[in-house]
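Thank you all for making time this morning. I would like to walk you through one structure, slowly, and I will define the terms as they come up.

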Amino acid sequence: MALTRRSTRPRFTLLLLVLAAVTIITIAYRGHADSVINSIKGDALDAFAPVQSAVGDVTRPIGNFFDGAAHYGSLQSENARLRAENSRLQTQALQSADAQASYQALLKTLNLPWAQNIPTVPAEVVANSASNFEASIQLNKGRDDGIDTGMPVVSGSGLVGRVVVASRSRSTVLLVTDPTSNVGVRFGPAGNLAVAAGQGTGAPVRVDLIPPQVPVDKGELMYTSGLQQSIYPPGVPIGTVLTSGVPRGSFEQAVTLAPVADLARLQFVAVMQWAPKS
């Protein structure tokens, strides 16, 4: 009987040990499994991260496209509004600059130191000659404002021409560059005399009757002579010397002038109420 008890106890102990080992193995297995699953989850995130970014890059423009399409109408309206505002500001700046230039031109016609005490009538240029054979301008004033044929016309810089036609409200001015225009000139310290003749629109004015021995300097300013019965008063600037020289075998110099008045861009002029002295 005692022998039977001794043989049963080791079996029971062994059974307990086996159960304990199974329990320990099970617990250990579960803890390891969690870490494995967590590791798998982390690896999966790392593995799918590039794929997720790629999908985002592809789908983002599509989202922007639909967003832009949804707001296309408002963007187009805003763009049109900005273009219109930009155009308005540019026009406003040009008008302001043009008004300032016109104001300065008008001031120059009201301040003519070489006009002496001759009364003047300010006028605006409203048209240029449409003919290639006549260099002329038209003014917005005429006989009702005291303008008459034969009166000299000047700008703030110098001689422009003379009135050849005067109606009640308009005047036509023949420019000094017209081929039929002739102006007596004076120049140099000695007061040399010559005649300036027009050669057409845009061409320099030719100066005749200057003897070869008379000094003429480039850039020299020439004035109206104002001799008796001259159609212009004395001392009005006409132009500056562009070229001078004595052609071979000639008895006079070939001299040209650049008009001091900007005849192509006249805005305001002054009509001098002056008549030749008989």
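Of the 278 residues of the protein, what percentage count as buried? The figure is 27%, where buried stands for under 20% relative accessible area, exposed for over 50%, and partly exposed for what falls in between, with a 1.4 Å probe and protein chains only. Please keep in mind that this is a predicted model, in which local features need pLDDT of at least 70 and side-chain atom pairs count only at pLDDT 80 or more, while totals for chains, interfaces and linings use all residues. Residues are numbered from 1 along each chain as its sequence is written, and side-chain values use heavy atoms, with hydrogens and water left out.

Let me begin with the overall layout. The protein has two helices and 12 strands, and these are DSSP runs numbered from the N terminus, helices being H or I with at least four residues and strands being E with at least two. Along the sequence the pattern reads α-α-β-β-β-β-β-β-β-β-β-β-β-β.

Now to the helices. Phe-12 is found in helix α1, which covers residues 2-70, and Phe-12 is exposed, with a relative accessible area of 52%. Together with Leu-15, Leu-16 and Leu-19, Phe-12 forms a nonpolar patch on the surface, and the four share about 400 Å² of accessible area. A patch here is made of residues with over 30% relative accessible area and no salt bridge, with like charges joined within 9 Å and nonpolar side chains (Val, Leu, Ile, Met, Phe, Trp, Tyr) within 5 Å; the accessible areas come from the Shrake-Rupley method with a 1.4 Å probe, and for residues only the protein chains shown count as cover.

I mentioned salt bridges, by which I mean a side-chain nitrogen of Lys or Arg within 4 Å of a carboxyl oxygen of Asp or Glu. How many are there by this rule? The count comes to five, and I will describe some of them. In helix α2, residues 72-110, Arg-88 and Glu-85 lie three residues apart, about one turn of the helix, and their side chains meet at 2.8 Å, N to O. Both ends are partly exposed, Arg-88 at 43% relative accessibility and Glu-85 at 32%.

Another salt bridge joins the side chains of Asp-144 and Arg-168, at 3.5 Å, N to O. This pair links distant parts of the chain, 24 residues apart, with Asp-144 in the loop between β2 and β3 (152-154) and Arg-168 in the loop between β4 (159-166) and β5 (171-175). Both Asp-144 and Arg-168 are exposed. There is also a salt bridge between Asp-262 and Arg-265, at 3.1 Å, N to O, where Asp-262 is partly exposed at 38% and Arg-265 is exposed at 63%.

Let me move to some buried strand residues. Val-255 is found in strand β11 and has a relative accessible area of 1%, so it counts as buried. The C-alpha atoms of Val-255 and Arg-206 are separated by 6.1 Å, although the two are 49 residues apart along the chain. Met-272, in strand β12, residues 268-272, is buried at 0% relative accessibility, and its C-alpha lies 6.1 Å from that of Pro-119, which is 153 residues away in sequence.

Which non-glycine residue has a positive phi of about 70°? That is Leu-209, in the loop between β8 (205-208) and β9 (221-224), and Leu-209 is exposed at 55% relative accessibility.

Finally, the largest pocket, which holds about 310 Å³ of space. Of the 21 residues that line it, the closest to its centre are Thr-177, Thr-201, Gly-202, Leu-263 and Ala-264. Grid points are joined across faces, edges and corners, and the volume is the space filled by probe spheres set on the points.

Notes:
1 Å grid on protein atoms, 1.4 Å probe; cavity = no way out; pocket = protein on both sides within 12 Å on 5 of 7 lines; lining within 4 Å.
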